Amino acid sequence: MSVRELVVLGTASQVPTRHRNHNGYVLLWGGEGILFDPGEGTQRQMLRAGVAAHDLNRICVTHFHGDHSLGLAGVIQRINLDRVPHPVTAHYPRSGQRFFDRLRYATAYRETVDLGQEPVSGDGAVLARTPSYVLEARRLSHPVESYGYRLTEPDGRRMLPGRLKEFGIAGPDVGRLQREGALGDVTLDDVSEVRRGQRFAFVMDTRLCEGVEALAEGCDMLVIESTFLDEDEPLAVEHGHLTAGQAARVAAAAGVRHLVLTHFSQRYDDPAVFERQARAAGFTGELTVARDLLRVPVPKRER
């Protein structure tokens with residue numbers, strides 16, 4: 001299996017700081033790269049993180065506030081400048097089509113790449129099916145139309161060496177059984193078990209809502225905004241955001257294995273407080289308070 005990891009390009013919310021670039025996240029998954037929410041400065045952060053335009057297959061924008069989308073112009077132009085040899089598909093709220101068009105054609109450049117546009121509308125939908133994942137979107141709760149994204153790897157099969165030995169199946173016959181589903185009276189179910197596919201979700205600016213819970217359910221990795229600390233929950237509700245404790249409670253209830261908190265307000269200087277509040281809220285799994293240029297491996301499949 002190829003590398004599956006999250007590359008964090010930026011972790012600031014509305015206002016970047018000396019230590020936090022505007023948003024930007026690249027998920028490397030099954031030989032593909034998905035860029036989420038390219039805020040201002042994303043092209044340079046990609047360079048610093050060692051992510052090339054050639055690594056990108058999709059761009060997913062949750063909503064059209066500047067800290068989540070102003071980097072689109074530079075990224076799209078870099079994709080064309082580098083003559084990326086494969087199609088790149090952009091997903092974004094259909095209601096923001098005019099913003100996407102303005103950013104795509106913000107300045108003059110030569111188009112050399114097939115950039116597909118597949119906007120999202122309504123309550124969300126399945127956006128793509130590939131051999132390594134199903135990509136879907138869900139509507140969130142924010143002052144402007146916003147969507148979260150989820151990748152689900154199809155379930156596979158794990159061969160059981162003891163059962164294969166018991167039935168006397170070895171060598172090329174193992175591959176034949178996997179391809180055909182049966183070998184004589186022995187079926188694939190007799191010598192294997194279901195291997196649950198990995199699941200990843202990306203949840204940005206939103207209040208608590210059904211979409212957040214649906215996206216997070218059973219995820220191996222959940223990347224989620226925690227713009228505010230718990231003592232500022234009234235501000236979070238007013239502006240359509242989550243607190244560290246709210247994000248952690250969602251993750252705990254959903255059975256998330258690795259929680260990645262990000263999108264921090266400039267009012268906070270100490271990232272350790274976000275971790276303390278997430279733990280106090282009851283999340284006991286693996287926890288990362290994101291920082292710029294961090295690489296976070298997707299947890300290995302559970303056995």
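Predicted model: local features only at pLDDT ≥ 70, side-chain atom pairs only at ≥ 80, totals over all residues.
Local features were considered at pLDDT of at least 70 and side-chain atom pairs only at pLDDT 80 or more, whereas totals for chains, interfaces and linings use all residues. Residues are numbered from 1 along each chain as its sequence is written, and side-chain values rest on heavy atoms, with hydrogens and water left out. Helices (H or I, at least four residues) and strands (E, at least two) are DSSP runs numbered from the N terminus.

Strand β1 (residues 5–10) runs antiparallel to β18, and three bridges join the two; E5 stands opposite P297 in β18. Axes are lines fitted to C-alpha atoms, for helices over the stretch in contact, and angles run from 0 to 180 degrees between N-to-C directions. The axes of α1 (residues 42–49) and α3 (residues 72–81) come within 8 Å and cross at roughly 60°. Helix α1 is therefore oblique to α3 (angles under 35 degrees count as roughly parallel, over 145 as roughly antiparallel, 65 to 115 as roughly perpendicular and the rest as oblique). In this pair, T42, Q43 and M46 of α1 meet G74, V75 and R78 of α3.

A further open sheet, again of seven strands and mixed pairing, has the order β7-β8-β9-β14-β15-β16-β17. Here β7 (126–129) and β17 are the edge strands, and the twist averages 15° from one strand to the next. Four bridges link β9 (residues 147–152) with β14 in the antiparallel sense; F202 in β14 is the bridge partner of Y149. Helix α11 packs on this sheet through β16 and β17, its direction making about 150° with that of β17.

Leaving aside residues up to four places away in sequence, L259 touches L222, I224, A248, A251, F283, E286, L287 and T288.

Within α10 (residues 244–254), V250 is buried, with a relative accessible area of 11% (buried means under 20%, exposed over 50% and partly exposed in between, for a 1.4 Å probe and protein chains only). Beyond its neighbours within four places in sequence, V250 is in contact (heavy atoms within 4.5 Å) with L208, V212 and A216.

In helix α6 (residues 172–180), the buried residues are V174, G175 and L177. Seen down the axis, these fall within an arc of 160° and so line one face of the helix, the arc being that of the directions from the helix axis to the C-beta atoms. P172, R179 and E180 are exposed on the other side. Just after α6, G181 takes a positive phi of about 85°.

Conventions
Pairing = 2+ DSSP bridges.
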